[in-house]
Amino acid sequence: MNDGQAHWEQVYSTRPAETLSWFQVAPEPSLDAILGLAPTKETPIIDVGGGASGLVDALIDRGFADVSVLDISAAALAQAQGRLGAAAAQVRWTVADVTRWTPPRTYRIWHDRAVFHFLTEPEQRAAYRRALEVGLAPGGFAILGTFAPEGPERCSGLPVSRYDADRLAAELGPEFRLLRDWREAHRTPGDTRQLFQWCVLRRR
Ligand SMILES: C[S@@+](CC[C@H](N)C(=O)[O-])C[C@H]1O[C@@H](n2cnc3c(N)ncnc32)[C@H](O)[C@@H]1O
């Protein structure tokens with residue numbers, strides 16, 4: 001287990017999900033962004049770094065039939081699986097570090113809330129882009145939520161890179177066209193506010 005994986009296993013094994021700063025009662029910005037792309041029930045959707053998020057529950061509830069969740073932490077995915085019960089069998093689960101992962105197939109929608117911002121080294125971002133370019137079908141959509149420039153400097157005790165929409169689009173490169181961007185003030189379980197930058201980009 002590398003340091004990154006050990007960190008996240010420790011977080012999810014020792015703290016209840018609903019006390020973590022990124023916890024949401026309902027994953028509304030993510031769900032609205034996904035539904036705004038008018039996916040069919042068969043659209044392949046992946047939540048990268050989905051952790052124990054309830055986004056997968058919301059997608060399954062709405063009848064989406066091709067949903068995948070990837071996370072570096074097995075403990076996080078086990079929590080989501082336990083919560084879903086029998087419905088967990090409808091989801092494809094992968095424990096992997098996205099920067100060392102070669103997607104085995106393509107997806108039409110790639111969702112990432114608060115994962116890309118942990119990649120503070122250029123090599124890590126290049127590796128993420130490689131995975132994205134293998135995993136996202138041409139014409140597919142990437143939905144990314146990171147801390148905004150006015151957002152916190154750390155997340156889960158780790159340093160993050162903060163982005164506005166132009167910087168995030170520039171990071172992904174000319175292969176991606178920015179379709180939509182907005183800011184969200186996320187209220188944490190500890191009742192502080194964290195400013196997120198959201199972007200929807202389309203792969204050419
Ligand atoms: C801030 S949490 C956000 C979790 C989830 N997206 C949400 O909105 O509730 C970051 C998540 O990214 C996962 N993660 C961190 N680095 C990762 C990596 N290199 N590859 C895959 N997952 C990673 C963590 O285990 C954690 O679940």
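How far does a polar side-chain atom of Tyr-12 lie from an oxygen atom of the ligand? In this predicted model, the separation is 2.7 Å, which falls under the definition of a polar contact (a pair of N or O atoms within 3.5 Å). Of the 590 Å² of accessible area that the ligand has on its own, the protein covers 96% (Shrake-Rupley method, 1.4 Å probe).

The shell around the ligand comprises 19 residues, the closest being Tyr-12, Gly-49, Asp-71, Asp-97 and Arg-113; a residue is included if one of its heavy atoms lies within 4 Å. By class, 11 are nonpolar, 5 polar and 3 charged, with Tyr counted as nonpolar and Gly as polar. Helix 1 (3–14) and strand 2 (67–71) each contribute at least two residues to this shell; helices (H or I, at least four residues) and strands (E, at least two) are DSSP runs.

The protein chain has a mean pLDDT of 97, and 100% of its residues reach 70 or more. Among its elements, helix 1 has the lowest mean, 94, and strand 1 (residues 45–48) the highest, 99.

Residues are numbered from 1 along each chain as its sequence is written, and side-chain values use heavy atoms, with hydrogens and water left out. Local features require pLDDT of at least 70 and side-chain atom pairs 80 or more, whereas totals for chains, interfaces and linings use all residues.

Notes
Polar contact = N/O pair within 3.5 Å; in protein donor to acceptor, adjacent residues only side chain to side chain. pLDDT = per-residue confidence, 0-100.
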